[in-house]
Amino acid sequence: MNIHHIRNATLVVEYAGKKFLIDPMLAEKGAYPPFPNAPREDQYNPLVDLPTTIESIIQGIDAVIVTHLHYDHWDEAAVKALPKNIKLFSQNEEDATEIRKAGFQNVEVLQEDTVFEGIQLIKTKGEHGRGEILKLAGLVCGIVFKHSSEQTLYVAGDTVWYDAVQEVINLHQPEVIVVNAGDNQFNQGGSLVMGKDDVYEVYRAAPNAKIIAVHMEAVNHWTLSKEELKSFANKKGMSDNVLVPNDGESYPF
Ligand SMILES: [Zn+2]
């Protein structure tokens, strides 16, 4: 497999000969208003440009996976750029309906036993925060990829560390895990995605896995920087396992 980190949660995953685009936010820098009541609320999103052209990102994509519809995962630029007949997976019927309304004709709701071109795509649970904020943040999912010719990949999505993440790791024993680790927050309500302690929990649950930390420094409400996570990983002795890519960086496994 090859994991190509584009920006924020946007990934191009080549897996068992197929190419997946996950959570495309394809707008140019500064296209959208900031998330309000949050750090840097004077800075428009995305905070940084794409590391490459939209054409090169969507070139040859076999399927798109949208874990939820927040605009840092599925945006107007993606709607505009993607062919309307492309295969698209969503987390539930509500999201599928919205995506179809935007003109996409080939939308399928992910299940725990979805198979695409011989690749198992297993929808996993996520919690986009803890406590009260969950009502506001809404539903999200992650995905486990499995194929006999590949190591198992777990893309956790916009979730904090909690027991369901532990269960996915126990059940599927992924060798590669992608976590959204910018510790994004509003001024109240706590972490919406993983922070450094959550990443440490993932490491403790899967000490032999490679953990790729993304969704960092790309939208205004981030609170954990790449540098801070790297030095925390050093301190905890997990820097061989925790990879913190720059935008545009790729890892083959
Ligand atoms: Zn997000």
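The second largest pocket holds about 180 Å³ of space. A pocket here is an open set of points on a 1 Å grid over the protein atoms alone, with protein on both sides within 12 Å along at least five of seven lines, where a 1.4 Å probe fits; lining residues have an atom within 4 Å of a point. Volume is the space filled by probe spheres set on the points, which are joined across faces, edges and corners. Of its 14 lining residues, Phe35, His70, His128, Phe186 and Leu192 are the closest to the centre.

A word on the source: this is a predicted model, in which local features need pLDDT of at least 70 and side-chain atom pairs count only at pLDDT 80 or more, while totals for chains, interfaces and linings use all residues. Residues are numbered from 1 along each chain as its sequence is written, and side-chain values use heavy atoms, with hydrogens and water left out.

The largest pocket has a volume of about 390 Å³. Among its 20 lining residues, Lys123, Thr124, Lys125, Gly126 and Ala164 lie closest to the centre. Helix α5 gives the most to this lining, five residues; helices (H or I, at least four residues) and strands (E, at least two) are DSSP runs numbered from the N terminus.

Here is how the two linings divide, with Ala, Val, Leu, Ile, Met, Phe, Trp, Tyr, Cys and Pro as nonpolar, Asp, Glu, Lys and Arg as charged, and the others, Gly among them, as polar.

| Pocket | Lining residues by class |
|---|---|
| Largest pocket | eight nonpolar, seven polar, five charged residues |
| Second largest pocket | seven nonpolar, five polar, two charged residues |

Now to the metal. The zinc ion has Asp72 (OD), His73 (NE2), Asp158 (OD) and His215 (NE2) as protein donors, 2.0 to 2.5 Å away. Donors are N, O and S atoms within 2.8 Å of the metal (3.2 Å for Na, K and Ca), and sites may look incomplete because water is not among the atoms. The four donor atoms subtend angles of 81 to 158°, so the arrangement is irregular; tetrahedral would need all four-donor angles between 85 and 135 degrees, and square planar (four) or octahedral (six) would need opposite donors over 155 degrees apart and all others between 65 and 115.
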